[in-house]
Amino acid sequence: MATDFLVHEKIWFDKFRYDDAERRFYEQMNGPVAGTSCQSSGPGASSGPGGDHSELLARIASLEVENQSLKGVVRDLQQAVSKLGARLSALEKSTPAHRATAPQTQHVSPMRQVEPPSRKAAPAAEDDEDDDIDLFGSDEEEDKEAIRLREERLRQYAEKKAKKPVLVAKSSILLDVKPWDDETDMAQLEACVRSVQLDGLTWGGSKLVPVGYGIRKLQIQCVVEDDKVGTDLLEEEITKFEEHVQSVDIAAFNKI
């Protein structure tokens, strides 16, 4: 009864065999990696050392070439240093000569500087002889002459400035003169505007500009002197013609 039960029961009786087989498989897989160090001296590993040897020879050859070039650089540097040393020694030998000659120039220069006072001694004696001459006797006359010249130049400058034309500030004004309606006689309106005559006022060109509904306004140009004619005075004089003029506006104002 028990045997029949075990026959039908699913039990892995030979699991140890599979475990052993798996262990051997992994040992075989990992065996060559661990055994390369032991078998490196065998006949099968002869290709590895040969490749390493050739590579080593190539590196040695390149190092020798680099060593030769470095030797050449060192040799050039030694020659340059030797040349610099020779130049420094030559300069050191030449400097004492200049230092020795310098004191000689210092001793000679004071002797040359002493000579001018002796030369000036003779003019000093001549100055003593001329002490009786009055060199400042004409100061008052010179002062009067200078004052006269200054006054003369000031007078000439004032006359020149008076003759110079004075710059008059002027302005250009564009006026918009509007009538009451479309029945206003625009020719008569312009004649009224131009009848305004003031000192410093000059009338220019004019034109009629349509406003709307058949009404037109008068645009007229004038030039005024700022000190004599103002915009308020001009508007006041034009608006006196109440029968024709409704209003006066300044369309443009420019300084000349």
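1. His-244 and its surroundings. Beyond its neighbours within four places in sequence, His-244 is in contact with Lys-178, Pro-179, Trp-180, Thr-184, Asp-185, Gln-188, Leu-189 and Cys-192. His-244 sits in the loop between α6 and β4. Its relative accessible area is 18%, so His-244 counts as buried. The cut-off for that label is under 20%.

2. Confidence. This is a predicted model. The mean pLDDT of the protein chain is 77. Of its residues, 69% reach 70 or more. Two stretches call for a remark. Over residues 32–48, pLDDT stays under 50, and the model has 2 contacts there beyond four places in sequence. Over residues 105–114, pLDDT also stays under 50. That stretch has 0 contacts beyond four places in sequence.

3. Sheet layout. The sheet is open and has 4 strands. Their order is β2-β3-β1-β4, and the pairing is antiparallel. β2 (201–212) and β4 (247–255) are the edge strands. Each has a single partner strand, so one side of each lacks a neighbour in the sheet. From one strand to the next, the twist averages 20°.

4. Pairing of β1. Strand β1 covers residues 170–178 and is joined to β4 by 8 bridges. The two run antiparallel. Within this pair, Leu-175 stands opposite Ile-250 in β4. β1 also pairs with β3 in the antiparallel sense, over 8 bridges. There, Lys-170 has Glu-225 of β3 as its bridge partner.

5. Pairing of β2 and β3. Here 9 bridges join the strands, which run antiparallel. Val-209 has Lys-217 in β3 as its bridge partner. The β2 and β3 hairpin has 2 residues between the strands. In this hairpin Tyr-213 takes a positive phi near 60°.

6. Helix α6 (residues 231–238) lies across β1, β2, β3 and β4. Relative to β4, α6 runs at about 150°.

7. Nonpolar core. In soluble globular proteins, nonpolar side chains tend to be buried together. The largest nonpolar core here has 18 residues. Those touching the most other members are Leu-175, Val-193, Leu-201, Trp-203, Cys-222 and Ile-238. Two or more core residues come from each of β1, α5, β2, β3 and α6. β3 gives the largest share, 4 residues. Take Val-193 as an example. Leaving out residues up to four places away in sequence, Val-193 touches Val-177, Trp-203, Leu-218, Ile-220 and Ile-238.

8. Cysteines. How many disulfides does a search of the whole structure find? The count is 0. Cys-192 has 9% relative accessibility, so it counts as buried. Cys-222 is at 1% relative accessibility and therefore also counts as buried.

Conventions
Residues are numbered from 1 along each chain as its sequence is written. This is a predicted model: local features need pLDDT of at least 70, side-chain atom pairs count only at pLDDT 80 or more; totals for chains, interfaces and linings use all residues. Side-chain values use heavy atoms; hydrogens and water are left out. Two strands pair if DSSP finds at least two bridges between them. Axes are lines fitted to C-alpha atoms, for helices over the stretch in contact, and angles run from 0 to 180 degrees between N-to-C directions. Contact means heavy atoms within 4.5 Å. pLDDT is the predictor's confidence in each residue, from 0 to 100. A disulfide is a pair of cysteine sulfur atoms within 2.5 Å. Buried means under 20% relative accessible area, exposed over 50%, partly exposed in between (1.4 Å probe, protein chains only). A nonpolar core is a set of buried Ala, Val, Leu, Ile, Met, Phe, Trp, Tyr and Cys residues joined through side-chain atoms within 4.5 Å.
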